[in-house]
Amino acid sequence: MPFELVALSPAVFFSLSSIMTRRGLDGSTPHTGSLVVLIVQLVFFSASLAVVDFSRISLSVYWIAFVAAGLSSPALSLLFLYRSIQRIGVAPTSSISNTHAIFGALWAFMFLGERPSAMVWLGILLVVAGVFWMTSGGGPLARGRALFLPFTSAAFFGLAPMLRKLGLGGMDSLVFGGFLQSVSACIVGPVFLKASTGWRPFVFNRSSLVNFIWAGLAMGAAQLTLMAALSMGDVSRVSPLVATVPLFTLALAPLILGRRERITSRIVFGALFIVAGVILVTSLR
């Protein structure tokens, strides 16, 4: 399967996960949604262990990288992502949080020794231009406090691929790597979630729970396909491709959310800038 198609798959799943989360938040809270998604991911990867050849797996220091990746994303990245979705909406959150392409390239530059070409950096700058276009029209998107949420989510999200790339250097099984990160996220994540909300209780109801479960399944599929892409190419090429999430969000959000989500022309044009940067990066060989 072509590298670009594999790397685009998580973008579709991440988009669906955010949209279903937005539906679930109508009757619940961000930290409740994060908890359900983390648990569903753990179940998803636990069930996937049935296809793992354990004769090729042994205790390794590389496991630490996947454990750390799980703490970075999904645990911490989801916490800030879901708060942002509740605060400013799924479409702008999806677009702004996709600056993880920039963070991913920076982390890879600092820790993996990857050296993206000048044209790759130009493409990433277009992603930045799209973000600033979206946030220059006033309203909640222009408030620094609100923007802290999606940007922090992006920083943690961008760090995780670098950690997974390190882990893949000593492990052949993508599924087992995903299982390790889902375990660490599920163990430590709830503590982060409760502490960050002043230990407020979780809010469960049937409608929200169903939507959060679908969001978790989509997130699990996104994580699995993302690791498959990382096994095929550099972080600096994978991250911008995954940044096409805004396109899929713009297309799917009105169909699934209806009037819950307001898509403005500024959000659309900002997303197009982001996609232009992605096309520039992925057209290079």
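Visitor: Which residues of H4 are buried?
Guide: They are Val90, Ala91, Pro92, Thr93, Ser94, Ser95, Ile96 and Ser97. Buried means under 20% relative accessible area, exposed means over 50%, and partly exposed lies in between (1.4 Å probe, protein chains only). This is a predicted model, where local features need pLDDT of at least 70, side-chain atom pairs count only at pLDDT 80 or more, and totals for chains, interfaces and linings use all residues. Residues are numbered from 1 along each chain as its sequence is written, and side-chain values use heavy atoms, with hydrogens and water left out.

Visitor: Why is H4 called largely enclosed?
Guide: Because 8 of the 8 residues of H4 are buried, the rest of the structure largely encloses it. Helices here are DSSP runs (H or I, at least four residues), as are strands (E, at least two), numbered from the N terminus.

Visitor: What about H4 and H11, how do the axes sit?
Guide: The axes of H4 (residues 90-97) and H11 (residues 245-257) come within 9 Å. They cross at roughly 165°. That makes H4 roughly antiparallel to H11. Angles under 35 degrees count as roughly parallel, over 145 as roughly antiparallel, 65 to 115 as roughly perpendicular and the rest as oblique. The axes are lines fitted to C-alpha atoms, for helices over the stretch in contact, and angles run from 0 to 180 degrees between N-to-C directions.

Visitor: Left-handed or right-handed crossing?
Guide: H4 passes H11 in a right-handed crossing. Left-handed means the near helix is turned anticlockwise from the far one by less than a right angle, and right-handed means clockwise.

Visitor: And H3 with H4, what is the angle?
Guide: Roughly 135°, with the axes of H3 (residues 63-88) and H4 coming within 7 Å. That makes H3 oblique to H4. The crossing of H3 past H4 is right-handed.

Visitor: How do the axes of H3 and H8 cross?
Guide: At roughly 45°, and they come within 7 Å. H8 covers residues 174-196. H3 and H8 are therefore oblique to each other. H3 passes H8 in a right-handed crossing.

Visitor: New topic. How many salt bridges does the count come to?
Guide: The count comes to 1 salt bridge. The rule is a side-chain nitrogen of Lys or Arg within 4 Å of a carboxyl oxygen of Asp or Glu.

Visitor: Which side chains meet in that salt bridge?
Guide: Asp26 and Arg22, at 2.7 Å, N to O. Asp26 is partly exposed, at 45% relative accessible area. Arg22 is buried, at 15%.

Visitor: Where does Leu25 lie?
Guide: Leu25 is in the loop between H1 (3-24) and H2 (30-48). Leu25 is buried, with a relative accessible area of 8%. Its C-alpha is 9.8 Å from that of Ser207, 182 residues apart along the chain.

Visitor: Ala222, buried or exposed?
Guide: Buried, with a relative accessible area of 0%. Ala222 is in helix H9. Ala222 and Phe13 are 209 residues apart in sequence, yet 5.0 Å apart in space, C-alpha to C-alpha.

Visitor: Which residues make the nonpolar surface patch?
Guide: Phe204, Leu209, Val210, Ile213, Trp214 and Leu217 make a patch of about 550 Å². Patches take residues with over 30% relative accessible area and no salt bridge, joining like charges within 9 Å and nonpolar side chains (Val, Leu, Ile, Met, Phe, Trp, Tyr) within 5 Å. Areas come from the Shrake-Rupley method with a 1.4 Å probe; for residues, only the protein chains shown count as cover.

Visitor: Where is Ile213 found?
Guide: In helix H9 (residues 206-230). Ile213 is partly exposed, at 35% relative accessible area.
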